[in-house]
Amino acid sequence: MLARLLAALALSFLTMPVLAQESVQTLESPAGAGASEATIGEAPPPPPCGTQQLAIARMSWPSAALLAEVHSRLLTANFLCNVAVQDIDLAAAGSSMGANGQPAVAPEMWVGRITDIWNAAMKSQNVRQAGSPYAESVFEGWFVPDYVVAQWPEITTIDGLKAHAADFGDGNGRGKFVSCPVDWGCAVVNRNMLRAYGLDQQFDIVEPANRFELDTLIAEAVGRQEPILFYYWQPNAVLAQFAFKPVTLAPFNPEAFQCMGRNACASPTPTGFAPDPVVVALAEWVYLDAPQVAAYFARARMPFDEMNKMLQQLGQDGETVESVADRFVAERGEIWRPWVGLPVEPVPAAPQ
């Protein structure tokens, strides 16, 4: 169990999410609509994918690579696009898109990590935000294992954690909350969140020295089937493989969360984690030359659960990003068919 969990953790998202930054510039994408039908005397509509090759940025981390391959397959099959998947890093993609509109698509652009580059790209008017790559916008949270939820269904609530705090400890009457490494920004946020929810008197904070120690603490607890409350983020293979459940936090409050990031937050109040500025970036020419593709990306939002499952599959022997993307397209039409404008096919009734 421990070895399996550590293997899955190695495939999780390779860098930490950063807190949402108000300085990141965004722009609502126009309502994508398909080309109107040609009438007598009018020129025929442009090809669905326009007249240029559609280059999709494939970033180095697994979730971004999977999104690039999935979109490549769907756009080729459903819009007859001439797609090229381009290996490129985050900063280079943002800079190149801002300078010359290539690559045409960056399906998982963490703009908060390249704020200056992204803001310059937006000012160039060569790139736009097409929406979010995921159905959910909050990437961070607190989690407990499914076997703990099976024992205490109320444990995913703050009141449930208060009632069972001692069960998460070593027998001293206090529980343990496994936070992130002490030099990460989320360590400060988690300390203040525990105070805001009135859990600081019932839980001791464990701040691991690094990512490896964090993953090891989680793996050891799961291997022994012990209760554990911990901070983590997604999309992430391990959250699917071992069925961790999120704790329900209060709705996100911008003012309250701003205080959470301060060491000297005098009176923290309950809030959820901030949405991260992760977007689908499209070159401006896509809206003009291939509006159907722009509309596709406005609809194409991958649920975290689906991405977590794909990341889990990627950890299996013999699997590649390409093979996992092929399986998603072949088996998960109920997810992607609305992206391409097709109705969801009904599930066949089970034989009597």
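Q: What makes Glu284 and Arg128 a salt bridge?
A: In this predicted model, the closest N and O atoms of Glu284 and Arg128 are 2.6 Å apart. A salt bridge requires a side-chain nitrogen of Lys or Arg within 4 Å of a carboxyl oxygen of Asp or Glu, so the pair qualifies. Glu284 belongs to helix H11 (residues 284-289) and Arg128 to strand S4 (residues 127-131), so the pair ties together parts that are 156 residues apart in sequence.

Q: Why is Glu284 called buried?
A: Its relative accessibility is 16%. Buried means under 20%, and therefore Glu284 counts as buried.

Q: Why are Arg58 and Asp87 said to form a salt bridge?
A: Their side chains meet at 3.7 Å, N to O. That value lies within 4 Å, so the pair meets the definition. Arg58 is in strand S1 and Asp87 in strand S2, 29 residues apart.

Q: How do you know whether Arg58 and Asp87 are buried or exposed?
A: Arg58 has a relative accessible area of 18%, which is under 20%, so Arg58 is buried. Asp87 has a relative accessible area of 63%, which is over 50%, so Asp87 is exposed.

Q: What makes Arg58 and Glu322 a salt bridge?
A: The N to O distance is 2.9 Å, and this is within 4 Å, so the term applies. The pair links distant parts of the chain, with Arg58 in strand S1 and Glu322 in helix H14 (residues 321-331), 264 residues apart.

Q: Why is Glu322 called partly exposed?
A: Glu322 has 31% relative accessibility. This falls between the limits of 20% and 50%, so Glu322 is partly exposed.

Q: How do you know that Cys180 and Cys186 form a disulfide?
A: Their sulfur atoms are 2.1 Å apart. A disulfide is a pair of cysteine sulfur atoms within 2.5 Å, so the pair qualifies. The torsion about the S-S bond is about 140°, so this disulfide is right-handed.

Q: Why are Cys180 and Cys186 called buried?
A: Cys180 has a relative accessible area of 0%, and Cys186 has one of 4%. Both values are under 20%, so both residues are buried.

Q: What makes Cys259 and Cys265 a disulfide?
A: The S to S distance is 1.9 Å, which is within 2.5 Å, so the pair is counted as a disulfide. With a torsion of about 115° about the S-S bond, this disulfide is right-handed.

Technical notes: Residues are numbered from 1 along each chain as its sequence is written. This is a predicted model: local features need pLDDT of at least 70, side-chain atom pairs count only at pLDDT 80 or more; totals for chains, interfaces and linings use all residues. Side-chain values use heavy atoms; hydrogens and water are left out. Buried means under 20% relative accessible area, exposed over 50%, partly exposed in between (1.4 Å probe, protein chains only). Helices (H or I, at least four residues) and strands (E, at least two) are DSSP runs, numbered from the N terminus.
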